[in-house]
Amino acid sequence: MPIAPSRRSFLKALAGPLVAAAWPGNAHAVWQEPFAGEPGLAARAATKGLIFGAAEVAHALANDPLLVEAYRRECSLLVAANELKWWALRREPHKLDFAAGDWLFLFAKQNHLAFRGHTLVWHYDVPSWAKEIAPGAPARHMLEEHIWSVAGRYRGHMQSWDVVNEPLHPADDRADGLRRSYWLQAIGPDYLDVAFRTARAADPNALLVLNEYGVEFEGGDNPRKRKDLLRLIDGFRARNVPIDAIGIQAHLSGAPDWFDAKVFLAFLDELAARDLRVLITELDVRDDDLPRSVDRRDRIVADRMTEFLETALSHPAVGAVITWGLSDRYTWMSEFHPRSDGFPSRPLPLDSAMGRKPAWAAIARAIDGAPVRTPLPRAPAASLRSPA
Ligand code: G3I
């Protein structure tokens, strides 16, 4: 019986990789062949009104031509992973060093990638000298001056800014759920209002985002954090604080039982009801407690991405999927969540040789199956002139 073209091509596609897999030297080739030549993630995303991008550090892109080629193939957006943070910009008191941030900005423009800023305010990285600034008006002035200097420098070029990163922390036991950060203690709860208002004034074109983790799952304080976030947003709306979107980091766990699609979709509905768009901003999957076998680990990582993205991308409010790194070669997980067996972490779509993995296919298939949505508003196309 003649094999229908679709089955014939499927069997041929399957036979190729299986033969390749049998050849020991090609162990990692299997996952490249089934997807080799397929359109990149950004091209697929664009057909659905979505952006696909990734965060990266300048030194990786400056020294790895294979990584550059992978960004060109897969991405339409680049996030400065570290270079626009306080600790990276302000290695000396009262001096801003934009060299690395500007390098990434120009790399993005030269490679026709939208550029995303991360992050104007964060509890984690306030330099010790900054904490000596007197609380109250002096601290507020320092915050305003920082945001004017940084967001103002890239005015008109930024697709979006993480204006405040991770402001919530239920374990700090405040009724409003806010994290007892230096900024809260120095300025008070309205440091958030100050940050968003200043960012809007400094760059009226950039989407202003509040970026958070721990709102994706059912475990721990995730349910409490979702409630605190919605209450925080209601306060912003009551005070006319400018905010356009919520960033959901989506550092996923390898454990399958933490995610409840119905609960997460209801949360996305609540955000959309508050006239907010949603960006998935730091997608990856922790694999330090997953099996050693690369094949099994890769499949679990892919399954977690499928489970989360099929749900998230079914909602029209979600406008972007951004991974925290593109290749396992540069993942932060190796430094922050290393495997006890010393095997390299594998949380991302591409392996360390820039080969497409099951996680790549999981993202590709979730995008392909997603409904078309209204794209996120875009910053006007920026010229190649340097910022400032
Ligand atoms: O570049 C310095 C180097 O000069 C110095 O010698 C060395 C030792 O102190 O540190 C180097 O900087 C490190 C930097 O990564 C570059 O490797 C910092 O110590 C280290 O803290 C920093 O870690 C980053 C972390 O945020 C803290 O900023 C990770 O790369 C980055 O992936 C991680 O990203 C965060 C997001 O911003 C927010 N969401 C969670 C995500 C993962 O933690």
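Helices (H or I, at least four residues) and strands (E, at least two) are DSSP runs, numbered from the N terminus. With that in hand, let us walk through the model.

This is a predicted model, in which local features need pLDDT of at least 70 and side-chain atom pairs count only at pLDDT 80 or more, while totals for chains, interfaces and linings use all residues. Residues are numbered from 1 along each chain as its sequence is written, and side-chain values use heavy atoms, with hydrogens and water left out.

**The ligand site**

Let us start with the ligand. It is surrounded by 15 residues, the closest being Asn82, Lys85, His118, Glu282 and Trp324; a residue counts as near when one of its heavy atoms lies within 4 Å of the molecule. By class, this shell has six nonpolar, five polar and four charged residues. Here Ala, Val, Leu, Ile, Met, Phe, Trp, Tyr, Cys and Pro count as nonpolar, Asp, Glu, Lys and Arg as charged, and the others, Gly among them, as polar.

| Side chain | Distance to a ligand oxygen atom |
|---|---|
| Asparagine 82 | 3.0 Å |
| Lysine 85 | 2.7 Å |
| Histidine 118 | 2.7 Å |

On its own the ligand has 790 Å² of accessible area, and the protein covers 60% of that; such areas come from the Shrake-Rupley method with a 1.4 Å probe, and for residues, only the protein chains shown count as cover.

**A cis bond and a buried aspartate**

Histidine 118 also takes part in a cis peptide bond, which joins it to threonine 119 with omega at about -5°. Threonine 119 is found in strand S3 (residues 114–122).

Aspartate 162 belongs to strand S4 (residues 158–165). Why does aspartate 162 count as buried? Its relative accessibility is 1%, and buried means under 20% relative accessible area, exposed over 50%, and partly exposed in between (1.4 Å probe, protein chains only). The side chain of aspartate 162 makes a polar contact with that of arginine 116, at 2.6 Å. A polar contact is a pair of N or O atoms within 3.5 Å; within protein, one must be able to donate a hydrogen and the other to accept it, and residues adjacent in sequence count only if both atoms are side-chain atoms.

**Two loop residues with positive phi**

Most residues other than glycine have a negative phi, and most peptide bonds are trans. Histidine 94 has a positive phi near 60° and lies in the loop between helix H6 (86–89) and helix H7 (99–110). It counts as exposed because its relative accessibility is 61%. Aspartate 173 has a positive phi of about 60°, and its place is in the loop between S4 and helix H9 (182–187). At 64% relative accessibility, aspartate 173 counts as exposed.
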